[in-house]
Structures are given as structure tokens and as C-alpha cells.
Number of protein chains: 2
Amino acid sequence: MYSGLHRAPRLSGERGQRAVKRSLDRKTKIALEPRKQPRQQRSSKVVDRILDAALILTREQGTKTPTTLAIAQRAGLSVGSVYQYFPNKEAILLELGRRWLSSFPEVIAKRIKVAPPTNREEFRREVRKLFTDTSRIYLDNATLMPVIEAISGNADLRPIQDEYDKEIIALYAAWLRHANPALEEKTAKRLGLVMMEVGHACRLVGLKRDRKTYDLIEDDVEAMWLALVTPYLNLD
Amino acid sequence: MYSGLHRAPRLSGERGQRAVKRSLDRKTKIALEPRKQPRQQRSSKVVDRILDAALILTREQGTKTPTTLAIAQRAGLSVGSVYQYFPNKEAILLELGRRWLSSFPEVIAKRIKVAPPTNREEFRREVRKLFTDTSRIYLDNATLMPVIEAISGNADLRPIQDEYDKEIIALYAAWLRHANPALEEKTAKRLGLVMMEVGHACRLVGLKRDRKTYDLIEDDVEAMWLALVTPYLNLD
DNA sequence: GACAAACGCGAATAAACAGTCGCATTCTTT
DNA sequence: AAAGAATGCGACTGTTTATTCGCGTTTGTC
């Protein structure tokens with residue numbers, strides 16, 4: 001049975017048919033796309049208000065996703081207005097997370113474009129660069145972290161995150177093979193996975209503490225990354 | 001306003017009073033304790049059936065907690081019977097997670113009882129032991145992992161997990177200071193935190209893959225732990 | 001300033017669930 | 001075997017919440 005994104009009330013008669021059809025549409029693809037583009041200036045601000053409200057509420061409530069009513073009220077709107085621009089609740093969360101999620105691949109890809117390192121010292125420098133670049137993504141988006149956690153905790157959004165994760169792992173792997181083309185694809189993927197997991201886990205807890213502790217944890221992560229990855233590179 | 005564990009229906013009249021009082025009781029402490037001890041043998045088996053059903057369903061549905069009805073049906077019972085032994089749904093999950101959660105401290109504590117290492121080689125061996133011991137907890141309880149994830153994803157159960165986490169961190173820290181008494185408490189705590197997070201994150205993803213990959217990831221984690229911790233020990 | 005499109009509203013709908021309670025059945029004990 | 005305790009049942013209650021839809025209001029355009 002279909003257990004889709006939302007509890008769409010099933011209407012009676014021909015309307016029932018419409019509702020079911022709509023659900024299927026959503027399931028396949030369009031579900032999380034913005035329902036419409038804002039046409040008047042007033043409304044484009046409304047979208048921002050909704051997004052802001054959702055962000056603030058998610059932060060306030062830990063990782064629990066706020067209700068549509070709460071979001072609407074916080075944004076000074078009615079529920080109906082929210083649904084003018086978002087097809088369902090999860091789309092709001094996803095929209096918030098999307099910029100963060102997508103900035104990751106960009107940053108890693110950039111690190112692959114440079115000339116590959118030729119010795120240990122150069123490699124160490126490259127690790128450090130990849131490292132500080134990815135760290136900046138977390139620091140710049142610190143306020144978004146509760147949303148990211150909410151997304152991974154949401155059964156419907158999880159698959160989408162997994163897609164991004166897969167991409168990120170592939171890019172870490174590509175970065176490793178850029179440094180050492182002889183590295184097996186499978187090994188590179190595994191190391192990429194571990195790099196991602198370790199970085200993510202440590203930075204998430206790091207951001208919940210003070211800045212000084214965050215920086216110390218960052219040093220820890222760098223040491224771990226280096227230890228993880230160096231054995232797999234045949235550099236002198 | 002109180003937004004406790006469950007949506008207890010508010011009854012009218014004097015019953016309303018009772019319901020509210022019960023809620024408060026739960027909030028304070030007893031909420032997650034078993035409602036009653038089974039007195040007849042038939043019922044102690046029932047508790048197992050409930051636990052089994054909850055485990056299977058949690059595994060089937062990813063990390064989403066199953067409904068009380070689903071648990072009851074799967075256990076071949078009615079909802080009412082479930083509530084004979086568990087005060088609410090989360091208590092079932094918690095009961096499942098508890099053995100795992102509590103076996104962690106035991107295992108780490110055991111590693112502190114031995115004589116502290118005096119040189120790098122001994123220390124490496126101690127790391128490896130702590131490491132394989134904790135790894136075994138994950139391997140032995142692989143089927144429980146979805147439950148553990150569900151617990152961390154549940155707003156009401158999270159605080160309880162956090163308590164266990166705090167204890168685990170403190171124990172890792174104690175282990176480090178056992179190896180190097182000169183280590184600052186604060187530093188030890190941070191390193192403990194990182195050890196725990198890295199171990200947990202990597203092992204969770206490791207268990208989702210094949211056994212061979214799990215073992216390789218384990219080697220990665222060991223290398224990272226060593227790299228993380230060695231600089232803080234003044235051994236020759 | 002009039003018309004249509006866009007926007008905004010919020011009561012109403014319906015689905016999903018947690019937890020209860022009075023009655024039925026089974027066990028234990030004497 | 002009869003009483004009473006424990007257990008089992010499941011229809012029902014109450015709550016929360018996502019989403020809709022028809023109608024009123026604002027805005028942009030000619």
C-alpha cells in the first residue's frame with residue numbers, strides 16, 4: 001500500500017479520484033517542487049518568511065519538525081498561504097536544506113581541479129585545504145544544522161539526503177584517486193564514506209559546543225583524516 | 001505547556017483529573033518503567049513477544065517506530081494487552097535499547113581495571129583491546145541498530161540516550177587518564193567524545209554493509225583512534 | 001477605475017494514532 | 001470446583017495534524 005508523504009484527506013465521489021491521482025504524482029517526482037513561482041513581489045517575501053519561520057521553529061524545538069500551523073503563524077500567515085508555495089510540509093524543510101546539501105559537491109569538486117600532489121608534504125597541504133573548505137560549510141551554515149538533523153530523521157526526506165550523500169562519497173573517492181590514480185575504486189569509496197561520516201559526526205557535535213572546542217575537534221578530525229588516508233597513497 | 005510523552009485523551013469530569021495527575025507522574029519519573037511485573041508464566045512470554053514484534057517491525061520500517069496496533073497484532077495480541085506491561089509506546093523501544101545502552105559502560109570500565117600501559121607498544125595493544133571489545137558490542141547487537149537509531153530520532157527518548165552517552169564519554173575519558181594521569185580532564189572529555197562519535201558513526205554504516213567491508217572500516221577506525229589519542233600520551 | 005489574476009484566509013475534512021475501560025477468559029489457589 | 005486474581009480483549013475516545021477549497025482582498029495592467 002501507498003504510504004506517501006502526507007495524510008491527504010480522502011474526499012468522497014469524484015474528488016476522491018483527484019486526490020488519489022495527485023498523491024501518485026507526488027510520489028513519483030514533483031512532490032517536493034515548489035507549487036508555484038511567486039509572481040508578485042509581496043509573495044516572494046512571503047516565501048522567505050515561511051522559510052525563516054520554519055528555520056527558527058526547528059531550532060527552537062530541537063530536531064522536531066514544526067507543524068504547518070506553527071510555521072504559518074510564526075510567519076504571520078494562514079496555513080492556506082503556506083500551501084500556495086509549498087506542496088507539503090517536507091518541501092519546506094528540504095528547501096532549507098538544499099543549499100547546504102548542494103554546496104558540498106561544489107566545494108569538493110573544486111579541490112579535484114588542482115594539480116595532484118607529488119609528495120607527502122604537498123598531500124598534507126591538500127588534505128588541509130579540503131578539510132578547511134568543508135569545515136567552512138559547517139561554520140557558515142551552523143544555524144541550519146537542526147534542519148539537517150530533522151531531514152535525516154524524517155523517513156520521507158531521508159532518501160533524498162542519501163542521494164546527496166552518495167554524491168559526496170563519490171567525490172571524496174574521486175579526490176583520493178586524483179591524488180593516487182592507482183587506488184582501487186572500491187577502497188576509495190570506502191575511505192570517502194568514512195571521511196564523510198567522521199567529518200559529519202564530529203562537526204555536528206562540535207557546533208553544539210563553544211567555538212574553541214569546535215576548533216580543537218577540527219584538529220582532531222584533521223589528524224584522523226590524515227591517518228586514515230595516508231597509508232593508501234604511495235607517496236615518498 | 002506540558003507536551004509529554006503521549007497524547008493521553010483528556011476525559012471529562014473527575015476522570016479528567018485522574019488523567020492529568022497520571023500524566024504528571026509519568027513526566028517526572030515512572031513514565032518508562034514497566035507498568036507491572038508479570039506474575040503468571042504466560043504473561044512473561046507475552047512481554048517477550050511484544051519486544052520481538054517491536055524489534056522486527058522497527059527493522060522492517062527503517063527507523064520509524066511502529067504503531068501500538070502494529071506491535072500488538074504482530075505479537076498476536078490486542079493493544080490493551082500491550083498496555084498491561086508497558087506504560088506507553090516509547091517504553092517498549094527503550095526496553096529494547098537498554099541492554100545495549102548499558103553494556104557499553106561495563107565493557108569500557110573493564111578496560112580501566114588493568115595496569116596502565118608504560119610504553120607505546122603496550123598502549124597500542126590497549127587501544128586495540130578497547131577497540132575490539134566495543135566493536136563486539138555492535139556486532140553482537142547488529143539487529144538492534146535500527147532501534148538505536150529510532151531511539152536517537154525520538155524526541156522523548158533522546159534525553160535518556162544522552163545520559164548514557166555522557167556516561168560513555170566519561171568512561172572513555174577515564175580510560176585515557178588511566179593511561180596518562182597528567183592528561184587534562186577537559187581534553188580527555190573531548191577526546192572521549194570524538195572517540196565515541198567516530199566509533200558510533202562508522203560502525204553504524206559499517207553494519208549496513210557486508211561483513212568484509214565492516215572489518216575494513218573497523219581497521220580504519222582503529223587507525224583513526226590511534227592517531228587521535230597517541231599525541232596526548234607522553235610515552236616514549 | 002475596472003477587470004482578471006494572484007494572493008491570502010481559516011473553517012472544515014479526514015486520516016492516523018495513543019491510550020482507556022469495562023467486560024470476557026484463563027489461571028491459581030484452596 | 002469455586003472464588004478471586006491476573007490476563008486478554010478491542011471498540012471507543014480524544015487529540016493532533018496535514019491538506020483542501022471556496023470566498024474575500026489586493027495587486028498589476030490596460
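Let me begin with a term: a salt bridge is a side-chain nitrogen of Lys or Arg within 4 Å of a carboxyl oxygen of Asp or Glu. One example is the pair A:Arg158 and B:Glu149, whose closest N and O atoms are 3.7 Å apart.

Please keep in mind that this is a predicted model, in which local features need pLDDT of at least 70 and side-chain atom pairs count only at pLDDT 80 or more, while totals for chains, interfaces and linings use all residues. Residues are numbered from 1 along each chain as its sequence is written, chains are lettered from A in the order in which they are written, and side-chain values use heavy atoms, with hydrogens and water left out.

Now to the interface, where 24 residues of chain A are in contact, meaning heavy atoms within 4.5 Å, with 24 residues of chain B. Together the two chains bury about 2100 Å², 69% of it on carbon and sulfur atoms; buried area here is the accessible area (1.4 Å probe) that two parts lose on being put together, summed over both. Of the area that chain A buries against chain B, A:Arg190, A:Asp220 and A:Met224 supply 25%, more than any other three residues.

How many salt bridges does the rule find across this interface? The rule finds four between chain A and chain B. Helix 9 (185-207) and helix 10 (211-229) of chain A each supply at least two residues of the side that touches chain B, where helices are DSSP runs (H or I, at least four residues) numbered from the N terminus. Helix 9 of chain A gives the most to that side, with nine residues.

Over all chains, the count comes to 24 salt bridges. Within chain A, the side chains of A:Lys208 and A:Glu149 meet in one, at 3.5 Å from N to O. This pair links distant parts of the chain, 59 residues apart, with A:Lys208 in the loop between helix 9 and helix 10 and A:Glu149 in helix 7 (residues 145-153).
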